Amino acid sequence: MPRIAIIGGSGVYDPKLLENVREETVETPYGTVRVKIGTYKGEEIAFLPRHGEKHSVPPHKINYHANIWALHELGVERILATSAVGSLNLDMKPGDFVILDQLMDFTKTRHYTFYDGEDSPHDRKFVAHVDFTDPYCPELRKALITASKELGFTYHPTGTYACMEGPRFETRAEIRALKILGADVVGMTQCPEAVLARELEMCYASVAIVTNYAAGISKEKLTHTEVVELMAKKGEEIKLLLMKAVEHIPKERRCPCKDALKGATGE
Ligand SMILES: O=P(O)(O)O[C@H]1O[C@H](CO)[C@@H](O)[C@H]1O
Ligand SMILES: Nc1nc2[nH]cnc2c(=O)[nH]1
């Protein structure tokens with residue numbers, strides 16, 4: 001049973017980092033999910049490409065609920081995710097790794113919780129308001145930071161991610177506003193993926209890979225081609241980083257994630 005999962009974002013579509021890969025189909029109250037499961041140094045790891053293996057699912061159409069619920073069903077406790085981002089911070093250049101520590105949600109049409117009371121399509125029909133002060137697991141962030149350091153990669157130990165609805169890229173004015181609000185990088189997938197993991201008391205952290213400067217900062221037109229091309233170039237490093245990070249994940253969970261529902265339901 002995999003304790004750890006990797007969710008691959010743009011450019012990270014296959015579990016080439018794993019051996020003896022099999023596929024499991026998981027039925028969830030939100031739909032069916034196919035999850036690859038393999039091993040790395042004897043540790044079972046689940047892998048899920050959030051946009052599908054052929055990048056056929058746009059960010060606003062990803063079934064985040066089914067994905068996170070399926071990983072929970074498989075017994076996953078810890079999720080490491082990649083996300084390709086635009087940078088608003090000149091110190092965070094294309095090719096840099098950013099170990100996210102904060103996020104702001106500017107998405108518009110998404111469904112943000114598992115806890116819809118009586119409308120919930122499962123037996124968790126209670127109301128829950130989870131703490132999200134620190135949206136990323138401190139233990140997983142530490143593992144990603146240690147791995148980045150050990151591998152000698154150019155990385156930033158903190159970064160604030162602004163999640164936009166997409167699928168379009170931002171306007172110049174939107175990036176100007178996000179900069180004032182303190183965003184370092186911008187993407188389209190961390191919300192609701194991060195909070196859904198927290199709602200099921202799973203640890204979640206994301207390593208953002210800067211693929212471009214954001215609209216109005218970049219001198220060039222923004223293209224998804226540029227994003228995928230840079231992610232392909234960084235493929236080997238991303239694989240090394242994720243695997244090294246897995247080696248640093250403590251067996252014992254001593255983080256607040258595992259008790260996220262304590263106090264959240266008013267009980
Ligand atoms: O966040 P990931 O899945 O890496 O994808 C990023 O890349 C796409 C834009 O090129 C958007 O989906 C954005 O969120
Ligand atoms: N929203 C958004 N997502 C991205 N993913 C990679 N680059 C970008 C960007 O500039 N904006």
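Tutor: Happy to! A polar contact here is a pair of N or O atoms within 3.5 Å. Keep in mind that this is a predicted model. In this case, an N or O atom in the side chain of T189 is 2.6 Å from an oxygen atom of ligand 1.

Student: Which backbone N or O atoms lie by an oxygen atom of ligand 1?

Tutor: A84 has a backbone N or O atom 2.8 Å from a ligand 1 oxygen, and for M188 the value is 3.1 Å. Of the 340 Å² of accessible area that ligand 1 has on its own, the protein covers 96%.

Student: What is the shell around ligand 1 like by class?

Tutor: It has five nonpolar, six polar and one charged residues. Among the residues around ligand 1 are R50, H51, F169 and V227. Strand 5 (78-87) and helix 5 (224-233) each supply at least two residues of that shell.

Student: Now the cysteines. How many disulfides does the structure hold?

Tutor: The general idea is that a disulfide is a covalent bond between the sulfur atoms of two cysteines. To count as one, the sulfur atoms must be within 2.5 Å. This structure holds zero disulfides.

Student: Is C163 buried or exposed?

Tutor: C163 counts as buried, at 0% relative accessibility. C255, at 3%, also counts as buried.

Conventions
Residues are numbered from 1 along each chain as its sequence is written. Chains are lettered from A and ligands numbered from 1 in the order in which they are written. This is a predicted model: local features need pLDDT of at least 70, side-chain atom pairs count only at pLDDT 80 or more; totals for chains, interfaces and linings use all residues. Side-chain values use heavy atoms; hydrogens and water are left out. A residue is near a molecule or strand if one of its heavy atoms lies within 4 Å of it. A polar contact is a pair of N or O atoms within 3.5 Å; within protein, one must be able to donate a hydrogen and the other to accept it, and residues adjacent in sequence count only if both atoms are side-chain atoms. Accessible areas come from the Shrake-Rupley method with a 1.4 Å probe; for residues, only the protein chains shown count as cover. Helices (H or I, at least four residues) and strands (E, at least two) are DSSP runs, numbered from the N terminus. Ala, Val, Leu, Ile, Met, Phe, Trp, Tyr, Cys and Pro count as nonpolar, Asp, Glu, Lys and Arg as charged, and the others, Gly among them, as polar. Buried means under 20% relative accessible area, exposed over 50%, partly exposed in between (1.4 Å probe, protein chains only).
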